[in-house]
Amino acid sequence: MAKRGENMVKKHQVMQVLPAGAWGIKSSFRSLVALLFAFLVIAAIYLRQSNEQVFQHANGRTHDAISSGGCNLFSGKWVFDNKSYPLYKERQCTFMSDQLACEKFGRKDLNYQFWRWQPHQCDLPRFNATALLERLRNKRLVFVGDSLNRNQWISMICLVDSAIPPAFKSMHNNGSINVFKAKEYNATIEFYWSPLLVESNSDDPVNHRVPDRIVRVEAIEKHARHWTDADILIFNTYLWWRRRQMKVLWGSFESPEDGIYKTVKLPRVYEMALQTWARWLEVHVNRNKTLLFFMSMSPTHEMADKWGGISGENCYGETEPVMKEGYVGDGVSPRMMRAVESVLGELKTRGLNVQMINITQLSDSRKEGHPSIYRKHWETITQQQLSNPKTFSDCIHWCLPGVPDLWNQILYAYILQLNPITE
């Protein structure tokens, strides 16, 4: 009994003495983990607020020029409206693209066609094809950029298509330039393929998927000569810059072995290209004739956990928008958006106004608006892909009728109100 008591005392002493250092280490470790967790939470909140401020600031800038009545077209919500939407029928659009014709390629839930954007303090002007065509009489409207600008171009053609009899419209493709003509109005609505605006090894409108993307950040004339005399220019460039760095060529693609190559990180290389584009505008644009627009970044929906979905999923199977007002995902880069704003701000101080149309936040809610698997596939889909549809889902482009129709409604409102174009 005495020996057992001694053992109990020794055990108690061990408990008292040995864990002192261990508990100190454990306590320090817990404190470190708590501090690290707190830092990550604060950083996440800061980054999200920073992103929201970028989008809100851009919304404010775009709003200034369009309305003196205090209505911000970019602050609003999506409202389900199957009475007055869609603005056209997919099957009735003569020049619909198979990449965007989701209903044709088997999509059954068509609610994505029935959402109307409702600004908080006013109504968005309803698109009037005849009114737009009158404004475009004897003029060129040109979309310049990547496949998302082509997405918007096709939307615009579908919006005006029904107002033009078959004999009085035509489509002509010539390399990078695609021209829709409304003959009665002598008006053209065009798309020019230039995904990085400046010259690159991705400039071929068909064969542009290359393993190592190269840009000539100071060369734009090869493209720009095709849009010099346009009356309305709508630019975009973002999607093809989504990488950490890019190879820059000082030289020519005709003699690449004589050039100088340097790898430049994002967003610096993006800024360099935008500055080249801005210098060209400043020198060549007729400020008394040409309206200039820059479409902000179209968001992607490739990570479902960002909107409360299942981690590892994407836009495939989505049937409803995100209904939380002011939702900001992470399908775009705030740093690159700030770069655009900076360049446009510099142009404005030099007397050239390029109106940014901030489609980013209002499109961010529309996770269900993408083609996903419901489109023409240019490559054979494997059995393995078929067993897991999310692996070949397009969560970048947009079904038509759909979200890009709103972008064009906003563009239409600008054209009607600003309209400094002379005959």
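Predicted model: local features only at pLDDT ≥ 70, side-chain atom pairs only at ≥ 80, totals over all residues.
A residue counts as buried when its relative accessible area is under 20%, as exposed when that area is over 50%, and as partly exposed in between, with a 1.4 Å probe and protein chains only. Residues are numbered from 1 along each chain as its sequence is written, and side-chain values use heavy atoms, with hydrogens and water left out.

**Overall make-up**

- The secondary structure of the chain comes to ten helices and 13 strands, where helices (H or I, at least four residues) and strands (E, at least two) are DSSP runs numbered from the N terminus.
- Of the contacts in the chain with a separation of 6 or more, 77% are between residues 24 or more positions apart, a contact being heavy atoms within 4.5 Å.

**Disulfides**

- With a disulfide taken as a pair of cysteine sulfur atoms within 2.5 Å, the count comes to four, and the pattern, with bonded cysteines counted along the chain, is 1-4, 2-5, 3-8, 6-7.
- Cys-71 and Cys-122 form a disulfide with their sulfur atoms 1.8 Å apart; Cys-71 lies in the loop between α2 (19-66) and β1 (76-80) and Cys-122 in the loop between β2 (115-119) and α3 (129-135), so the pair ties together parts that are 51 residues apart in sequence.
- The torsion about the S-S bond of Cys-71 and Cys-122 is about -60 degrees, so this disulfide is left-handed, and Cys-71, at 6% relative accessibility, counts as buried.
- In the disulfide of Cys-102 and Cys-399 the sulfur atoms are 2.1 Å apart, and the link joins the loop between β1 and β2 to the loop between α9 (383-386) and α10 (403-418), 297 residues apart.
- Both Cys-102 and Cys-399 are buried, and their link is left-handed, with -95 degrees about the S-S bond.
- Cys-315 is joined to Cys-395 by a disulfide (S to S 2.1 Å), and both of these cysteines are buried.

**Helices**

- Helix α6 (residues 268-284) has 17 residues, which at 1.5 Å a residue should span 24 Å, in agreement with the 25 Å between its end C-alpha atoms; the expected span is 1.5 Å times one less than the number of residues.
- The buried residues of α6 include Val-269, Tyr-270, Trp-277 and Trp-280.
- The axes of helix α4 (residues 147-161) and α10 come within 9 Å and cross at roughly 75 degrees, which makes α4 roughly perpendicular to α10, a term for angles of 65 to 115 degrees.
- Among the residues that meet where α4 and α10 are in contact are Leu-148, Met-156 and Leu-159 in α4 and Trp-407 and Leu-411 in α10.

**Backbone features in loops**

- A cis peptide bond, with omega about 5 degrees, joins Tyr-85 and Pro-86, and Pro-86 is in the loop between β1 and β2.
- The peptide bond from Leu-266 to Pro-267 is also cis, with omega near 5 degrees, and Pro-267 is found in the loop between β11 (260-265) and α6.
- Asn-138, which lies in the loop between α3 and β3 (140-145), has a positive phi of about 65 degrees although it is not a glycine.

Notes: Axes fitted to C-alpha atoms, helices over the stretch in contact; angles between N-to-C directions. Parallel < 35°, antiparallel > 145°, perpendicular 65-115°, else oblique.
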